[in-house]
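Student: I've got a model open and I'd like to talk through some of its packing. Can we take it piece by piece?
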Amino acid sequence: MKANDSTLARSGAQLLVDALKVHGVDTAFGVPGESYLAVLDALHDAQDQIRFIICRQEGGAANMADAYGKLTGRPGICFVTRGPGATNASIGIHTAHQDSTPLILFIGQIGSDVVEREAFQEIDYRRMYGPMSKWVAQIDRADRVPEYISHAFHVATSGRPGPVVLALPEDMQTDVATVADTARYQRVAAHPGAADMQRLREMLAQAQRPFLMLGGGGWNKQACDDMLAFATAFNLPVGCSFRCQDLIDNRDPHYVGDVAVGLNPALSERIKSCDLLLVVGPRLGEWTTVNYTLIDIPRPKQKLVHVHAGAEELGRVYQGELLINSGMPEFAAAACKLQPVKPAWDAWTKAARADLEAWHKPVAVPGKLNMSEVVHFLRKRLPPETIVTNGAGNFAIWVHRFFQYTGFRTQLGPTSGAMGYGVPAGISARLVHPDRPVLAFAGDGDFLMNGQELATAAQYDVKVIFFVVNNGMFGTIRMHQERDFPGRVSGTQLKNPDFAALARAYGLHGETVEATADFEAAFERAYSAKTAALIELRIDPDAITPRTTLSAIRAEALKNRKT
């Protein structure tokens with residue numbers, strides 16, 4: 001079949017799969033459903049170009065697609081069935097929206113002959129997905145499939161990246177049309193103006209205590225390299241927003257920590273006392289600003305330069321001195337060409353790095369298994385190309401604080417704070433990069449959100465090492481519970497399975513570790529296993545974060561109630 005052959009009649013499903021090939025799709029994730037059987041059939045003939053990864057739940061499939069989008073910069077592709085399949089997938093779409101990840105979700109839809117009758121599993125996806133995606137549409141005519149798919153790729157990748165949702169009525173998939181294919185999509189992004197870059201240089205020349213914060217979506221390796229060159233030329237201290245620590249090599253002397261949950265108090269004070277805050281990429285949302293307390297609203301005390309790919313985000317919460325609408329690669333390329341000024345802040349940057357190095361040292365915790373020591377060992381043991389994924393929960397704080405991410409896309413985590421992300425993301429990462437070690441961290445509550453995807457790891461022989469940090473509770477919620485309602489435990493206790501035995505039931509390597517001294521040998525066995533491996537790490541429930549304990553939080557809350 002020739003591209004752009006307008007004389008060949010094809011079904012809507014075949015036109016869709018041909019369009020995916022035009023736009024360079026090599027992988028799709030999904031759970032099969034009768035509502036898109038024709039597309040599955042068309043994918044059968046494209047197996048040599050597009051691999052369809054069969055997942056066990058649509059939430060896992062959507063998270064895998066999100067991880068693919070983060071890793072490659074190309075839209076992750078996900079297929080789900082109507083109704084329950086679409087609702088299960090919504091968590092991954094919300095994550096892609098808040099994380100600015102390019103993703104396209106295809107949903108099998110009821111036939112057009114039964115619309116608005118509340119037919120079997122009928123949902124209006126425009127209303128359902130509207131608030132959490134860049135564009136939602138339904139392809140009602142087969143002859144418009146190439147047009148819709150082209151637009152979907154352009155929307156997902158241009159400006160601020162994000163998810164697109166397309167519904168596929170069953171009858172449209174089997175209708176036949178004669179229409180030409182499109183050309184491949186082009187990413188469209190704003191560029192910073194010369195006057196903006198000149199003003200930025202002037203502001204840097206006047207600064208005494210500048211701080212550079214990186215984050216958000218839309219990055220690639222070249223943009224990260226360019227930003228590091230810029231930071232090096234100006235000797236700037238660099239922090240990264242929540243779960244974006246891999247935008248700069250953490251071993252570089254300019255990296256000074258993550259601006260996120262569990263923020264280093266020394267780094268917090270440094271940001272509050274800086275006189276120029278250059279924010280490139282982050283939205284400056286709730287987590288990055290510590291519930292909007294780190295930076296004053298609406299006019300920060302610091303001079304604020306905010307660079308973002310979406311014009312609608314600039315000035316949304318914070319009014320800056322200089323607002324620049326630009327894609328990350330475009331801004332980074334311009335920034336690294338700026339003529340450096342003689343910095344007056346060398347000691348400031350050096351001190352910020354010293355604060356981080358002190359923060360990275362392992363800490364004492366209750367119990368026999370110390371997560372800070374575990375992560376510290378992994379940081380020294382693993383090669384720099386290792387990819388680390390995680391879901392959401394207090395367990396992730398240990399990884400964020402004590403691991404060192406060595407560069408672009410060595411970290412995958414949901415800035416949306418969605419549980420159940422780490423396991424499917426780890427599988428996706430290993431599929432994209434089969435030669436790189438992949439570690440996936442999960443809490444005990446977090447793991448069981450999408451732990452069934454161990455079956456996917458087994459089916460495709462994906463060698464990921466999964467860690468389940470087990471403290472027998474929904475730890476983050478229990479921590480807040482003890483702070484607000486001390487001693488009144490409700491709804492946060494968990495009775496868990498034997499996670500290592502569960503992994504073995506899937507045909508994978510499984511071990512349980514209860515003491516720090518036993519971890520290294522267990523890890524080496526997992527690392528050399530012929531299959532994926534799971535290590536259950538049983539920690540003391542009192543070891544809730546690296547900075548405090550659950551009992552200390554409860555005691556402080558009770559004390560405050562008395563006073």
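Student: At what angle do helix α1 and helix α6 pack?

Tutor: Keep in mind that this is a predicted model. Helix α1 covers residues 12–22 and helix α6 covers residues 145–157, with their axes 9 Å apart. The crossing of α1 past α6 is right-handed. The packing angle is about 35°.

Student: And how many nonpolar, polar and charged residues are in the contact of α1 with α6?

Tutor: On the α1 side you'll find Gly 12, Leu 15, Leu 16, Ala 19 and Leu 20. From α6 come Val 145, Pro 146, Ile 149 and Phe 153. Sorted by class, that gives eight nonpolar, one polar and no charged residues.

Student: Is Ser 100 buried or exposed?

Tutor: Ser 100 sits in the loop between α4 (84–99) and β5 (103–109). Its relative accessibility is 7%, and the cut-off is under 20%, so Ser 100 counts as buried.

Student: Which side chain makes a polar contact with the side chain of Ser 100?

Tutor: Setting aside neighbours within four places in sequence, Ser 100 is in contact with Arg 160, Pro 161, Gly 162, Gly 217 and Gly 218. The side-chain polar contact, at 2.8 Å, is with Arg 160.

Technical notes: Residues are numbered from 1 along each chain as its sequence is written. This is a predicted model: local features need pLDDT of at least 70, side-chain atom pairs count only at pLDDT 80 or more; totals for chains, interfaces and linings use all residues. Side-chain values use heavy atoms; hydrogens and water are left out. Helices (H or I, at least four residues) and strands (E, at least two) are DSSP runs, numbered from the N terminus. Buried means under 20% relative accessible area, exposed over 50%, partly exposed in between (1.4 Å probe, protein chains only). A polar contact is a pair of N or O atoms within 3.5 Å; within protein, one must be able to donate a hydrogen and the other to accept it, and residues adjacent in sequence count only if both atoms are side-chain atoms. Contact means heavy atoms within 4.5 Å. Axes are lines fitted to C-alpha atoms, for helices over the stretch in contact, and angles run from 0 to 180 degrees between N-to-C directions. A crossing is left-handed if the near helix is turned anticlockwise from the far one by less than a right angle, and right-handed if clockwise. Ala, Val, Leu, Ile, Met, Phe, Trp, Tyr, Cys and Pro count as nonpolar, Asp, Glu, Lys and Arg as charged, and the others, Gly among them, as polar.
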